[in-house]
Amino acid sequence: MSKRARTSRIEKWIKEGRGSGIGSEYKPWLNIQDVSSQGRSTRLRGIKTNRQHEFLSDLERNYFYLTEYSDFVVDIREQFPLLPLEETIVIADELGIKHPTDPKTNEPVVMTTDFLLTVDKGEGFVELARTIKMKDELLKERVIEKFEIERVYWERRQIDWGIVTELEIPKEMARNISYIHDYYNLQHYDAFQDLSPQHIEDLAMALLQRLLESSQSVREITNVFDKETHMPLGSSMTLFYHLLVQKIIRVDMLEPLNVEQPIVIQLIDESKLKQVKYG
């Protein structure tokens, strides 16, 4: 690929809006089809952004689940480009480090940070840049060199940058969130599509009472509740997951979510029952 062809591709991607926008309008710089990644690439529709997210590894996907569940993260931008390219080239030169290049053409490529998060902890919005890497990769000199370019780039923008490894991502919690993630909106499920918001709220209140008072397993409780309310089998389990992902109830997310066993359930905010995503 000639330098002009490389530049043209970057210009094309910029014109397409890659790496720009916020919330639902953001477009990742890299899509799954653009790279060959280790591990399993994943696309997931975000709750907070209501758009499709692109993840190049299981570790990125797991970290995403934690940011989705966080009360503080309000926007998630993955595969964020370090533009302009000329800036990272200059930084690399200043550090005496070889800039990342396309292995086929040896031309400099646009570097990316895995996540740029917008966080609100009650004192206004701040941005955090986070790179996701397996801890063993941090032993490689070349990996650290590229991270140093990234660190300086964000330092010059006064944005907090850091590395997250699998040690900082509770695997059980990520797995639990993956189980409930798709249950945020009940209108995606046939059993609830023809029910009024008031009817669903009444069902949720009745199920909540059973869950909080019974010592049976969640599976036993929901199966009985389905029969008593004449709902299709599995509907009450859907409602249970919905209450969890809506944070109306809470369980210990660091422990395996085993619905075949009794689970200690805490009611967090009953008032949210009128705000749940029925439509």
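Trainee: How far apart are N and O where the side chains of Glu148 and Arg151 meet?

Mentor: They are 2.6 Å apart, and the contact is a salt bridge, which requires a side-chain nitrogen of Lys or Arg within 4 Å of a carboxyl oxygen of Asp or Glu. Keep in mind that this is a predicted model, where local features need pLDDT of at least 70, side-chain atom pairs count only at pLDDT 80 or more, and totals for chains, interfaces and linings use all residues. Residues are numbered from 1 along each chain as its sequence is written, and side-chain values use heavy atoms, with hydrogens and water left out.

Trainee: Where do Glu148 and Arg151 sit?

Mentor: In helix α4, and because they are 3 residues apart there, about one helical turn separates them. Helices (H or I, at least four residues) and strands (E, at least two) are DSSP runs, numbered from the N terminus.

Trainee: What about Glu145 and Arg142?

Mentor: Their side chains form a salt bridge as well, at 3.1 Å from N to O. These two lie in α4, 3 residues apart, about one turn of the helix. Glu145 counts as partly exposed at 23% relative accessibility, and Arg142 is partly exposed at 30%.

Trainee: How many salt bridges does the count come to?

Mentor: The count is 20. One of them joins Glu87 and Arg157, whose closest N and O atoms are 2.7 Å apart. Glu87 is in helix α3 and Arg157 is in the loop between α4 and β6, so this pair ties together parts that are 70 residues apart in sequence. Glu87 counts as buried at 19% relative accessibility, while Arg157 is partly exposed at 30%.

Trainee: Back to α4. Which of its residues are buried?

Mentor: Val143, Phe147, Ile149, Glu150, Val152, Tyr153 and Trp154. The elements that cover them include β3 (73–81), α3 (85–95), β4 (112–120), β5 (125–132) and β6 (160–164).

Trainee: What should the 15 residues of α4 span, end to end?

Mentor: The expected span is 1.5 Å times one less than the number of residues. For α4 (residues 141–155) that gives 21 Å, and its end C-alpha atoms are 21 Å apart, so the two agree.

Trainee: And how do α3 and α4 cross?

Mentor: Their axes come within 10 Å and cross at roughly 115°. Axes are lines fitted to C-alpha atoms, for helices over the stretch in contact, with angles from 0 to 180 degrees between N-to-C directions.

Trainee: Which residues meet there?

Mentor: From α3, Glu87, Thr88, Ile91, Ala92 and Leu95; from α4, Glu148, Ile149, Val152 and Tyr153. Contact means heavy atoms within 4.5 Å. The residues of this contact divide into 6 nonpolar, 1 polar and 2 charged. Ala, Val, Leu, Ile, Met, Phe, Trp, Tyr, Cys and Pro count as nonpolar, Asp, Glu, Lys and Arg as charged, and the others, Gly among them, as polar.

Trainee: New topic: the backbone. What joins Leu83 and Pro84?

Mentor: A cis peptide bond, with omega about 0°. Pro84 is in the loop between β3 and α3. Most peptide bonds are trans, and most residues other than glycine have a negative phi.

Trainee: What is phi for His230?

Mentor: It is near 60°, a positive value in a residue other than glycine. His230 is in the loop between α8 (218–229) and α9 (235–245) and is exposed, at 71%. Lys247 also has a positive phi, about 60°, although it is not a glycine. Lys247 is in the loop between α9 and β7 (249–250), but it is buried, at 9%.

Trainee: Last one: how many helices and strands are in the protein chain?

Mentor: It has 9 helices and 8 strands. Of its 279 residues, 46% count as buried, and the C-alpha atoms fill a box of roughly 70 × 40 × 35 Å along the principal axes.

Technical notes. Buried means under 20% relative accessible area, exposed over 50%, partly exposed in between (1.4 Å probe, protein chains only).
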